[in-house]
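Below is a set of numbered remarks for a colleague who has not looked at this structure before. Please read them with the model open.

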There are 2 protein chains.
Amino acid sequence: MLSVKTPEEVLALIESEFSCVAECETVTLFDAIGRVLAEDIAAEEYVPDFDRSTVDGYAVHARDTFGCSDAIPAILNLQSEVLMGEGADFELEEENCCAVPTGGAVPKGADSVVMIEYTENYGDGSIGIAKSAAPGQNMIFRGDDVYPGKLVLKKGRVLSSQDIGALAAIGRVEVPVRRKLTVGVISTGDELVPPEQKPAAGQVRDVNSPMLTAMLTAFGAKVINYGIVIDDEKKLAAMVEKAVAECDAVLLSGGSSVGVKDAACRIIENMGSLLLHGIAMKPGKPTIMGKSGNKPLVGLPGHPVAAYFVTKLFVLPLLARLSMRETHNYTITAKISESLGANHGRAQYQCCRLERRGEELVAYPIRGKSGLITTLAGADGYFAISRDCEGLPEGAEIQVTVSMGD
Amino acid sequence: MLSVKTPEEVLALIESEFSCVAECETVTLFDAIGRVLAEDIAAEEYVPDFDRSTVDGYAVHARDTFGCSDAIPAILNLQSEVLMGEGADFELEEENCCAVPTGGAVPKGADSVVMIEYTENYGDGSIGIAKSAAPGQNMIFRGDDVYPGKLVLKKGRVLSSQDIGALAAIGRVEVPVRRKLTVGVISTGDELVPPEQKPAAGQVRDVNSPMLTAMLTAFGAKVINYGIVIDDEKKLAAMVEKAVAECDAVLLSGGSSVGVKDAACRIIENMGSLLLHGIAMKPGKPTIMGKSGNKPLVGLPGHPVAAYFVTKLFVLPLLARLSMRETHNYTITAKISESLGANHGRAQYQCCRLERRGEELVAYPIRGKSGLITTLAGADGYFAISRDCEGLPEGAEIQVTVSMGD
């Protein structure tokens, strides 16, 4: 008999039992946002590949401008003008200057650029410089951004738009990423009807399939919905087998009754091994997890709020593990709007709304019995109350994990 | 001549000059994640539509169990068994009980459910109850979740997976959302080559198009890329006109030189009006904004880091305004790893990496000249230094806006 595990033990179990299954594939830069980088990316060239000006002005030898001022400008000969997008493959002569636009190439020998605001064109081929330049001023030098071999991005990172910009800068238009994981979702329960159907007496709508599909899609997985399977062990076993064959991971949702849970356990044991039978958390206790080969099978609680937390806290980290994806859990500090009891000996998770009150961010717990889906609706995030905490007084500081459209 | 505006003034300008242009359209529940809800959603029925048990056990009249214990159980007659997914359209008799599964319907008259763990089936048609039940215990009543007319979600919300669950629960499988905005991106600059091309002397890759495309796509907009237009005012005007006709908003990126900026200003004035010429921020100062009819035109700085911040801080709020989308700016508290100077009289924005050091979150500023795209690569977020701040000492607390794969 497997014992109930704490959330920390479940995460450790995931680390030890599962490994990367998602192969590398190549996508174009325009399809790479949100994907998991499969390889370290190093630059192969210099960026920029030439010395550039960061202002509109005149490229100079800094020493030729030392000591000049508004009253006594340095007079330099205008040797040439560099046009945007063209090279400057010549040497700047002493006591000479060269007009360059912002982003334009700076000729050899020049070590700084004077902004046009501090110059005067006398119209006779000479330029007055009214401010002395420091070497390196208003310039970016070849390789300042990157040089061959410089590590730009580390594998495992979920690519952001900033990273896409960096990849474009170094010319990596084909990006090695992990293929998307395919996750199967099977709903079980004699009482379930599809959301579009009006429930008859004793029936309820299947909330978990669309919710899980949305969570998994937002996370970046492909989802196959296997529909609602009624509580028949043979039919369920056949469906699980089909899903395991077609997917990287399979979620069973619903079936909160003891009979269905037992059936799910037997099915998982027949197909591989059961790893977990219960998590010391509220809501979410009746969770099971097993594997068939390398493929995880998770039996989620039937209550949508419980299914939500188990998916957020364990299924998504499990999928991250299967694709070597870096994870972060950034939380924001808020004050709780009212006291909240907690004396369960197990970690407790609570949805909340957030509201700014002057400088403070206030978290309003969305209360309700655990079967109520509307305790999720309108939530801005959630927070945890650890199992050794006996409750939170009004105004206590809590750490909220914010949902960002996911 | 328009004066340079502060970031707060720019946001106020956006509020006053633009309004919603995105009509309502209907999508299915499975396509609604991340979309902007276009109408308030109220329930039209009771959820659940019947009194349900939240445990496996026996439905009872609580009063029939008062005072019972392990030693002196209450003996109740087993009247019936309710099966999962079936109604319980009968009255529970006094001194009787009825077997119900988790989630199953509870017969009329019953006001609580005793968990199976506290009962004993004597096998002779009677059940021993070893723990007295409180009225309402282990039950969810009809309409506890929602009832007709109850507001479930407010318009403007970006739908999360939790919201999708709530919509499924109330049977809203067709969801009214704002249509996606179409945003045109035009790159300008004689020095630009597409990212797949090796730059010749004096040329650089177009970093902004792929970066902006990624940002706008992650935000939920459709992007039309109009490619790179060389610095020719007539060609640029024609392209802007085409983009304005096809899109809800148009971004011009690049063209950091004075000539191109002036051309962009003239083009915007010819097509409507110029609203903004410069923002008091660093990086990002050379930003222009105007409108043609209801359609915003934004001229972004050519430097990728500047273009990133202007898009994040002003273009996305502008698009939110065009689709009545609720916005939040949640920040996390971190300590800065090193002192950072700032004495510019304008708001300064700085990318950073985040690292957890024990209980603390440490923000490492990614330094570099503003033209360097790799100051973006690998950033986990950014923070602002207000214009009246002269710098931050090492260890100062800062508020970091985290990028979450966007």
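1. The nonpolar core. This is a predicted model. Its largest nonpolar core has 250 residues. The residues with the most contacts inside that core are Ala59(A), Val250(A), Ala59(B) and Val250(B). In soluble globular proteins, nonpolar side chains tend to be buried together.

2. Surroundings of Val250(A). Neighbours within four places in sequence are left aside here. Val250(A) is then in contact with Gly184(A), Ile186(A), Val240(A), Ala243(A) and Val244(A), and also with Lys295(A) and Leu297(A).

3. A sheet in chain A. Six strands of chain A make an open sheet with mixed pairing, and their order is S16-S13-S17-S21-S20-S18. At its edges are S16 (222-229) and S18 (273-277), each of which pairs on one side only. On average, neighbouring strands of this sheet are turned by 20° against each other, direction ignored. Within the sheet, S17 (residues 249-254) and S21 (residues 295-299) of chain A are parallel and share 3 bridges. Leu251(A) has Val298(A) of S21(A) opposite to it.

4. Lys222(A). Is Lys222(A) buried or partly exposed? Lys222(A) counts as partly exposed because it has 14 C-beta neighbours inside 10 Å, whereas a buried residue needs 20 or more. Apart from residues up to four places away in sequence, Lys222(A) touches Lys180(A) and Thr182(A). Val183(A) is 39 residues from Lys222(A) in sequence, yet their C-alpha atoms are 6.1 Å apart.

5. Strand S13 in chain B. S13(B) covers residues 182-188 and is mostly covered, with 6 of its 7 residues buried. S13(B) runs parallel to S16 (residues 222-229) of chain B, with 6 bridges between the two. S13(B) is also parallel to S17 (residues 249-254) of chain B, again over 6 bridges. Ser187(B) has a bridge partner in each of these strands: Ile228(B) in S16(B) and Ser253(B) in S17(B).

6. Helix H6 in chain A. Where is the kink in H6 centred? This helix (residues 304-322) has a kink of about 45°, centred on Thr311(A). H6(A) is mostly covered, as 16 of its 19 residues are buried.

7. The residue after H6(A). Met324(A) follows the helix and sits in the loop between H6 and S22 of chain A. Its phi is near 55°, a positive value in a residue other than glycine. Met324(A) is partly exposed because 17 other C-beta atoms lie within 10 Å, against the 20 or more required for a buried residue.

8. Strand S22 in chain A. S22 (residues 332-336) pairs in the antiparallel sense with S28 (residues 397-402) of chain A over 4 bridges. With S25 (residues 360-365) of chain A, S22(A) pairs in the parallel sense over 2 bridges. Lys335(A) stands opposite Glu397(A) in S28(A) and opposite Val362(A) in S25(A).

9. The contact between the chains. Chain B and chain A each give 84 residues to the contact. On the side of chain B that touches chain A, the elements giving two or more residues include S11 (151-153), H2 (161-169) and H3 (208-219) of chain B. Which element gives the most to that side? H2(B) does, with 8 residues. The residues of this side of chain B are 41 nonpolar, 27 polar and 16 charged.

10. Leu13(B). This residue is in helix H1 (residues 7-17) of chain B. Leu13(B) is partly exposed, with 16 other C-beta atoms within 10 Å. Beyond residues up to four places away in sequence, it touches Lys5(B), Leu275(B) and Leu276(B).

11. Backbone points to check. A cis peptide bond joins Val47(A) to Pro48(A), with omega about -10°. In chain B, the bond from Val47(B) to Pro48(B) is cis, with omega near -10°. Pro48(A) is in the loop between S2 (41-42) and S3 (52-53) of chain A, and Pro48(B) is in the loop between S2 (41-42) and S3 (52-53) of chain B. Asn138(B) has a positive phi, near 60°, and is not a glycine. Asn138(B) lies in the loop between S9 (126-129) and S10 (139-140) of chain B, and counts as buried because it has 21 C-beta neighbours inside 10 Å.

Key
Residues numbered from 1 in each chain as written. Chains lettered and ligands numbered in written order. Predicted model: local features only at pLDDT ≥ 70, side-chain atom pairs only at ≥ 80, totals over all residues. Bend = angle between axes of the 7 residues up to and from the residue. Buried ≥ 20, exposed ≤ 12 C-beta atoms within 10 Å, placed from the backbone. Pairing = 2+ DSSP bridges. Axes fitted to C-alpha atoms, helices over the stretch in contact; angles between N-to-C directions. Core = buried A, V, L, I, M, F, W, Y, C linked by C-beta atoms within 7 Å. Contact = placed C-beta atoms within 7 Å. Nonpolar A, V, L, I, M, F, W, Y, C, P; charged D, E, K, R; others polar.
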